[in-house]
Amino acid sequence: MAISLERAALAVIDVQNDFCPGGALAVTGGDAVVAPINRILPGFGVRVLTQDWHPADHLSFAANHPGAAPFSTTEMPYGTQVLWPTHCVQGTEGAAFHPALATTPADLVIRKGFRPAIDSYSAFFENDRETPTGLAGYLRERGVEALYLAGLATDFCVAYSALDAVRLGFSAIVLTDACRGIDLDGSLAAAMAGMAEAGVGFAAAADLPG
Ligand code: VGL
Ligand code: ZN
């Protein structure tokens with residue numbers, strides 16, 4: 001089976017130190033996504049990396065809500081927000097890409113979550129689901145129809161990005177062996193079911209050409 005990925009994009013979601021073992025919001029096995037991503041990235045016609053990029057006063061941080069515990073939730077004007085440990089603060093080591101991630105082949109780095117009052121899980125929209133990052137326009141101008149996704153975390157930034165991709169009319173394929181999840185109170189199973197229901201496809205990076 002010869003798959004042509006010339007008209008396809010790979011979005012590498014948030015492969016940053018803070019989401020890898022030893023980081024502030026470490027995802028179990030987060031660093032295991034690096035090797036498969038490095039192998040397949042050069043095979044795609046369009047290559048995008050995303051970077052969670054928060055100011056220190058970001059309202060998704062529990063530390064900015066006196067008395068709130070990490071992983072509790074609060075109501076924001078745009079809906080329920082998980083209050084995370086402080087992570088991916090702009091310019092810090094935690095916000096940097098994992099040192100082994102091959103960033104050189106990337107065409108575009110898109111940063112998100114830089115507005116203090118609103119979180120951004122998706123590579124396409126802030127969590128209000130309407131403030132765009134610009135990625136949709138970029139992919140359309142480059143003629144992309146299919147978006148493959150890999151990275152961290154399966155149940156938050158990868159899932160939100162895949163759901164938005166489908167909503168925007170792209171076909172979206174999550175590479176499950178090149179993703180890892182946070183799994184907060186069953187969020188991983190819920191995200192997988194939600195993606196399947198929305199028409200997101202699933203495939204293995206191991207089955208793609210390098
Ligand atoms: C993410 C929680 C908070 C992610 C980002 O990349 O999935 N999760 N910020
Ligand atoms: Zn974040």
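Predicted model: local features only at pLDDT ≥ 70, side-chain atom pairs only at ≥ 80, totals over all residues.
Start at ligand 1. Its surroundings are made up of Asp14, Phe19, Leu25, Asp52, Trp84, His87, Tyr121, Leu152, Ala153, Phe156, Cys157 and Ile182. Three of these residues place polar atoms by oxygen atoms of the ligand. Leu152 uses its backbone instead, with an N or O atom 3.3 Å from an oxygen of ligand 1. Ala153 also contributes a polar backbone atom, 3.0 Å from a ligand oxygen. Taken alone, ligand 1 would expose 260 Å², and the protein buries 100% of that.

Asp14 leads on to the salt bridges. The structure holds 6 of them. One pairs Asp14 with Lys112, and their closest N and O atoms are 2.9 Å apart. Lys112 belongs to strand β5 (residues 108-112), while Asp14 sits in the loop between β1 (8-13) and α1 (34-40), so the bridge ties together parts 98 residues apart in sequence. Are these two partners buried or exposed? Lys112 has 1% relative accessibility, so it counts as buried. Asp14 has 0%, so it is buried too.

A second salt bridge joins Arg115 and Glu126, with an N to O distance of 2.4 Å. Both residues lie in the loop between β5 and α2, 11 residues apart. Their surroundings can be read from accessibility. Arg115 is partly exposed, because its relative accessible area is 33%. Glu126 counts as buried, because its relative accessibility is 2%.

Next comes the bridge between Arg129 and Asp164, whose closest N and O atoms are 2.9 Å apart. Arg129 lies in the loop between β5 and α2, and Asp164 lies in helix α3 (residues 154-167), so this pair ties together parts 35 residues apart in sequence. Arg129 has a relative accessible area of 33%, so it is partly exposed. Asp164 is at 0%, so it counts as buried. Salt bridges that share partners also join Asp14, Asp52 and Lys112 into one network. Asp14 and Asp52 are both among the residues around ligand 1.

Now turn to Arg47, in strand β2 (residues 46-52). What is the nearest side chain of opposite charge to Arg47, and how many Å away is it? The nearest is Asp107, at 4.9 Å. A salt bridge needs a nitrogen and a carboxyl oxygen within 4 Å. Arg47 is buried yet has no salt bridge. Its side chain does reach backbone oxygens. That of Pro42 is 2.7 Å away, and that of Leu41 is 3.4 Å away. Beyond its sequence neighbours up to four places away, Arg47 touches Leu10, Leu41, Pro42, Pro105, Ala106, Asp107 and Leu108.

Finish with Arg140, in helix α2 (residues 135-141). Its relative accessibility is 47%, so Arg140 counts as partly exposed. Leaving aside neighbours within four places in sequence, Arg140 is in contact with Leu168 and Phe170. A polar atom of the Arg140 side chain lies 3.0 Å from the backbone oxygen of Leu168. Phe170 is 30 residues from Arg140 along the chain, and the C-alpha atoms of the two are separated by 9.2 Å.

Definitions and conventions: Residues numbered from 1 in each chain as written. Chains lettered and ligands numbered in written order. Heavy atoms only, no water. Helix = DSSP H or I, 4+ residues; strand = E, 2+ residues; numbered from the N terminus. Buried < 20%, exposed > 50% of the residue type's maximum accessible area, 1.4 Å probe, protein only. Lys, Arg positive; Asp, Glu negative; His and termini not counted. Polar contact = N/O pair within 3.5 Å; in protein donor to acceptor, adjacent residues only side chain to side chain. Contact = heavy atoms within 4.5 Å. Near = heavy atom within 4 Å. Areas by Shrake-Rupley, 256 points an atom, 1.4 Å probe, with all protein chains shown as cover.
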